[in-house]
Amino acid sequence: TSVDVVSEDSDRFRKIVPPALKYVDYLILNEIEASRVVGRNARRADDTLDPDELVRTVDDLLEMGDMELTAVHMPEGVYVRDRSGRRWARGSLELPEGFIKGKVGAGDAFCAGMLYGLHEGWDIERCMLLGTCCAAASLSHEGASDGVGPLESVLDLAKTFPSRNPPVAVGG
């Protein structure tokens, strides 16, 4: 069972999402949604990402349910933790000026890429890569999914554009 939520500006996240998490295997949210579920803020007042708060947010989410995997994506990249405590992080692709035509659907595209990889039994690194590339492909068009083409062409974006540093240091 996987869950992705609809972004909205309300306090309903803390009421609706936590009771459902005991039924969820894969939770994939953006940093704003994740923050609202647990009552934290993964972004500082200047809108920069707070990696420590992001880690605490994901830890709190995992305590609310027995998810196999929780992934939080954001413009800077993705941070993932599994039920056993293993952690991964990947930076988003550095896209050139003018590449982004629209932001609608990038999070959904990321989620779709992660879920495809999980369904296919890929390792988490490859799932994050596909999610990141799907998000970048989505950004290349005004429509939510118009930019997401065949698998290989989407993955080729990682060969075309460099990756940012991961949003969270995971050691190793």
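Let's start with the largest pocket: 31 residues line it, and those nearest its centre are His73, Met74, Pro75, Ala106 and Gly107. Keep in mind that this is a predicted model. The elements that each give two or more residues to this lining are helix 2 (31-38), strand 3 (69-74), strand 4 (77-82), helix 4 (106-119) and helix 5 (124-139). Which element gives the largest share of the lining of the largest pocket? That's helix 5, with five residues. As for volume, the largest pocket comes out at about 840 Å³.

Now for the second largest pocket, which holds about 150 Å³ of space. Here the lining is made of 15 residues, and Ala109, Ala112, Gly113, Cys134 and Val148 sit nearest the centre. Helix 4, helix 5 and helix 6 (151-155) are the elements that give two or more residues to this lining. In this pocket the largest share comes from helix 4, which puts in five residues. By class, you'll find ten nonpolar residues, four polar ones and one charged one in the lining of the second largest pocket.

| Pocket | Volume | Lining | Largest share of the lining |
|---|---|---|---|
| Largest pocket | about 840 Å³ | 31 residues | helix 5, five residues |
| Second largest pocket | about 150 Å³ | 15 residues | helix 4, five residues |

How values were computed: Residues are numbered from 1 along each chain as its sequence is written. This is a predicted model: local features need pLDDT of at least 70, side-chain atom pairs count only at pLDDT 80 or more; totals for chains, interfaces and linings use all residues. Side-chain values use heavy atoms; hydrogens and water are left out. On a 1 Å grid over the protein atoms alone, a cavity is a set of points where a 1.4 Å probe fits but cannot get out, and a pocket is an open set with protein on both sides within 12 Å along at least five of seven lines; lining residues have an atom within 4 Å of a point. Grid points are joined across faces, edges and corners, and a volume is the space filled by probe spheres set on the points. Helices (H or I, at least four residues) and strands (E, at least two) are DSSP runs, numbered from the N terminus. Ala, Val, Leu, Ile, Met, Phe, Trp, Tyr, Cys and Pro count as nonpolar, Asp, Glu, Lys and Arg as charged, and the others, Gly among them, as polar.
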